[in-house]
Amino acid sequence: DRVAQTPAVHALVRRLEAGGALAYAGVTTAAQPFFAALLHHLFPQRPIVVVTDNLKTQESFQQDLETWVVLRREANADSRLCPSPRAPRLLFYPAWENLPHEGKLPHADVISERLETLVALASDSGLEASGPRLVVTRVTALLQKTFPPGLLRASTRRLARGDHSNPLDLVEWLEAQGYEPEAQVTQKGEIALRGGIVDVFPPTSPWPVRLEFFGDELESLREFDPFTQISREEITTITLPPAGELG
């Protein structure tokens, strides 16, 4: 807050509001995560994309940025002078560590983080709740092709308790999006059908989800442990993105 009141930052705000390409070569490497957090503070509704040069720099930047965001959140929680603004959603957009012609898929964590970012940026489609977003990526990741926005929206579904959908049709649709049918779901990108129960493990979810249907009505959604197969807590909605970007 104190930095935001300085003449230098006031000049920065005027320049950014005018738009255009602006260079800030004077910001040292150690100060760049703070600078990104400051930009979010100045323009809380704008998405901000930080482009780094390599994986090590990207990971370090993400960690430092998380620190500044947490400090800012704690400061707002302690302040009684004004309501705290909505905390930004930090997104990590990595590059594939292998090339498409190599005949193997990227690591599941890479797929998960890339899809999480893409779905979040498609918030205007209603797939995810809108809100401020900070994306940390690198040049290589931006150069690699991915879904066009329209195709991503068409390949992503959001289910909520009380929705109507035929379980067989849902499984067929998920298979078309790259999900692998298995007898038991244990890994991301897998689905299983048992009567009126559909188990699915979206790449963007930390836990697989058990969808229980009564006829065509979705009666309940529960996360479950992929190792014990025991249900955990109940949820109200689930976003089902494609199982990957390739094939």
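Tutor: A residue counts as exposed when its relative accessible area is over 50%, and as buried when that area is under 20%. Partly exposed covers what lies in between. Keep in mind that this is a predicted model.

Student: Why is Glu-97 called exposed?

Tutor: Its relative accessible area is 56%. The cut-off is over 50%. Therefore Glu-97 is exposed.

Student: What makes Arg-138 and Glu-97 a salt bridge?

Tutor: Their side chains meet at 2.9 Å, N to O. The limit is 4 Å, from a side-chain nitrogen of Lys or Arg to a carboxyl oxygen of Asp or Glu. This pair links distant parts of the chain, 41 residues apart. Arg-138 sits in strand β3, residues 133-138, and Glu-97 in the loop between β2 and α4.

Student: Is Arg-138 buried or exposed?

Tutor: Arg-138 is buried, because its relative accessible area is 9% and the cut-off is under 20%.

Student: How many salt bridges does the whole structure hold?

Tutor: A search finds eight. Among them is the bridge between Arg-161 and Glu-234, at 2.8 Å, N to O.

Student: Why is that pair said to tie together separate parts of the sequence?

Tutor: Arg-161 lies in the loop between β4 and α7, and Glu-234 in strand β10, so the parts joined are 73 residues apart in sequence.

Student: What makes Arg-222 and Glu-234 a salt bridge?

Tutor: The side chains meet at 3.5 Å, N to O. That is within 4 Å, so the pair qualifies. Arg-222 is in strand β9, residues 217-224, and Glu-234 in strand β10, 12 residues apart.

Student: Which residues do shared partners join into one network?

Tutor: Arg-161, Arg-222 and Glu-234.

Student: What stands out about phi of Gln-229?

Tutor: Phi is near 65 degrees, a positive value in a residue other than glycine. Gln-229 lies in the loop between β9 and β10. With a relative accessible area of 16%, Gln-229 is buried, because the cut-off is under 20%.

Student: How many aromatic pairs does the search of the whole structure find?

Tutor: One. The ring centres of Phe-34 and Trp-68 lie 4.9 Å apart, with planes at 65 degrees.

Student: Why is this pair called edge-to-face?

Tutor: Rings pair if their centres lie within 6.5 Å, and planes over 60 degrees apart count as edge-to-face. Phe-34 and Trp-68 have 4.9 Å and 65 degrees, so the pair is edge-to-face. Phe-34 is in helix α2, residues 32-42, and Trp-68 in helix α3, residues 55-78. They are 34 residues apart.

Student: Which residues form the negative surface patch?

Tutor: Asp-169, Glu-172, Glu-175, Glu-180, Glu-182 and Asp-216. Helix α7, residues 167-176, gives the largest share, three residues.

Student: What makes up the nonpolar patch on the surface?

Tutor: Val-49, Val-51, Val-139, Leu-142 and Leu-143, with about 470 Å² of accessible area together. The elements giving two or more residues are β1 and α5. The largest share, three residues, comes from α5. Val-49 is placed in strand β1.

Key:
Residues are numbered from 1 along each chain as its sequence is written. This is a predicted model: local features need pLDDT of at least 70, side-chain atom pairs count only at pLDDT 80 or more; totals for chains, interfaces and linings use all residues. Side-chain values use heavy atoms; hydrogens and water are left out. Patches are made of residues with over 30% relative accessible area and no salt bridge: like charges are joined within 9 Å, nonpolar side chains (Val, Leu, Ile, Met, Phe, Trp, Tyr) within 5 Å. Accessible areas come from the Shrake-Rupley method with a 1.4 Å probe; for residues, only the protein chains shown count as cover. Lys and Arg count as positive and Asp and Glu as negative; His and the chain ends are not counted. The place of a charge is taken as NZ of Lys, CZ of Arg, CG of Asp or CD of Glu. Helices (H or I, at least four residues) and strands (E, at least two) are DSSP runs, numbered from the N terminus. Rings of Phe, Tyr and Trp (its six-membered ring) pair if their centres lie within 6.5 Å; planes under 30 degrees apart count as stacked, over 60 as edge-to-face and the rest as tilted. Buried means under 20% relative accessible area, exposed over 50%, partly exposed in between (1.4 Å probe, protein chains only).
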